[in-house]
Structure formats: structure tokens, C-alpha cells
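My entries follow in the order in which I made them.

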Amino acid sequence: MRIDTAVPPVDRRIDGSRELAAGAAPAAPLSKDLFATVVANAPLISIDLLVEDANGSILLGLRTNPPAKGCWFAPGGRVRKNEPLDTAFSRIALEELGLHAERAAFPIAGVYEHFYDINFAGTENASTHYVVLAYRLPVDPASLRLPPDQHSQYQWMAPDQILLHPDVHPYTKAYFELT
């Protein structure tokens, strides 16, 4: 299935009127309790960044928080309410990598679903469902400024190492199973 990024995002209202999604103001951050209610009742949309160096190695971070705490995982983040995908991609690349990047410059690697039996707060039996847009980002590692808040360590791994490493999360492995 081809995704045409040349078409501007459109929000179709119940009354049939149309408004560009970019015209809506981003939502304010939710309280922890309200966000827990959303996570318990709706899927989340996220973007994962498959950051690749010139040798084909992929950047992974050791997660410090649930739902993938303690596992090596690709950098990424959630799309916020009323945030166009282009804006979300640029924000996530800046927050997760310190990199100024535009979504149109990088190929989509696929659309995935991640299901967890835990949520961001570590609550057992409080599941989380992500719909993930994964993008490949070939970069010069020297251009990255990696923050310490989501990952305690970073490591470059070749795709074959990712598939064999016991501490790489299965959802990250899935990005490389068919490549």
C-alpha cells in the first residue's frame, strides 16, 4: 500500500465540513490519571526511528521506563492529539536524537502494532496498544545528541546482532526480520 504524503492531512467533521489538521492547536499534556484512562481505552500512534550509520548498524537505547523497560529498543515517541505527522516526526527526531529532520526526507519502513500487558506507569494487566510508523534514518552518528531520559545507554548493533541479542525487544527485532 502506498502512502501519498503530497496530500495535506484533512480532518472530516461530522457535519461534512473540512479543516486542515495543521490548523488545530496541539492539545495540552494530559494528567497522569487521564493519560492512563486513554491508554486503557484507545490505541496510541507512535513513530519509531530506525537510525542507521554508514555501516548499516542501528542505534538502540536501553529503555528506562515501561512498557519496554530494561530492553534495547529503537528511539521513538507518541504522536500528540492534533499534531500532524510531519510535526510529530520532527519533534520526536529532535527530542530523541537531537536531530533536525523532516519526515519527507526519510523512507517509511513499515506500519506495525505493538501490544503490551503493562502500561507507562508499570501497572500490570493495564495493556497498551501502539500503532507504530517506523522510519529508516541514515545518519552520521556525529550529528546525534542523545538525551539520557528515555534510555540509560545507547549501542549500535548490526541487524543480524539485533535478531540474536536476548535483550533486544521482540518488537524492535520485528523491524529487521524481513530486511
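The entries below cover the basis of the values, then the helix, the salt bridges and the aromatic rings.

**Basis.** I worked from a predicted model, in which local features need pLDDT of at least 70, side-chain atom pairs count only at pLDDT 80 or more, and totals for chains, interfaces and linings use all residues. Residues are numbered from 1 along each chain as its sequence is written, and side-chain values use heavy atoms, with hydrogens and water left out.

**Helix α2.** I took helices (H or I, at least four residues) and strands (E, at least two) as DSSP runs, numbered from the N terminus. Helix α2 covers residues 85–97, and I checked its length first. The expected span of a helix is 1.5 Å times one less than its number of residues.

I then asked which residues of α2 are buried. Buried means under 20% relative accessible area, exposed over 50%, and partly exposed in between (1.4 Å probe, protein chains only). The buried residues are Ala88, Phe89, Arg91, Ile92, Ala93, Glu96 and Leu97. Their cover includes β3 (44–52), β4 (58–63), β6 (76–78), β8 (124–138) and β9 (151–157).

**Salt bridges.** As a general point, side chains of opposite charge can pair when their charged atoms come close. I counted a salt bridge where a side-chain nitrogen of Lys or Arg is within 4 Å of a carboxyl oxygen of Asp or Glu. The count by this rule is five.

I looked up Glu83, which lies in the loop between β6 and α2. Glu83 counts as buried because its relative accessibility is 11%. Leaving aside neighbours within four places in sequence, Glu83 is in contact (heavy atoms within 4.5 Å) with Arg78, Ala88 and Arg91. Arg91 forms a salt bridge with Glu83, with the closest N and O atoms 2.7 Å apart. Arg91 is also buried, at 14% relative accessibility.

Arg91 has a salt bridge with Glu95 as well, the closest N and O atoms being 3.1 Å apart. Both of these residues, Glu95 and Arg91, lie in α2, four residues apart, about one turn of the helix. Glu95 is partly exposed, at 39% relative accessibility. I recorded a network of salt bridges that links Arg80, Glu83, Arg91 and Glu95.

Asp86 and Arg103 form a further salt bridge, at 2.7 Å from N to O. Asp86 lies in α2 and Arg103 in the loop between α2 and β7 (108–118), so the pair ties together parts that are 17 residues apart in sequence. Asp86 is partly exposed at 41%, whereas Arg103 is buried at 13%.

**Aromatic rings.** I paired rings of Phe, Tyr and Trp (its six-membered ring) if their centres lie within 6.5 Å; planes under 30 degrees apart count as stacked, over 60 as edge-to-face and the rest as tilted. Phe35 lies in helix α1 (residues 32–41) and Phe120 in the loop between β7 and β8, so the pair ties together parts 85 residues apart in sequence. Phe35 is buried at 13%, and Phe120 is partly exposed at 24%.

The rings of Tyr116 and Tyr171 have centres 5.3 Å apart and planes at 80 degrees, so the pair is edge-to-face. Tyr116 is in strand β7 and Tyr171 in helix α4 (residues 170–174), 55 residues apart. Both Tyr116 and Tyr171 are buried. Finally, I noted one aromatic cluster of Phe89, Phe106 and Tyr135.
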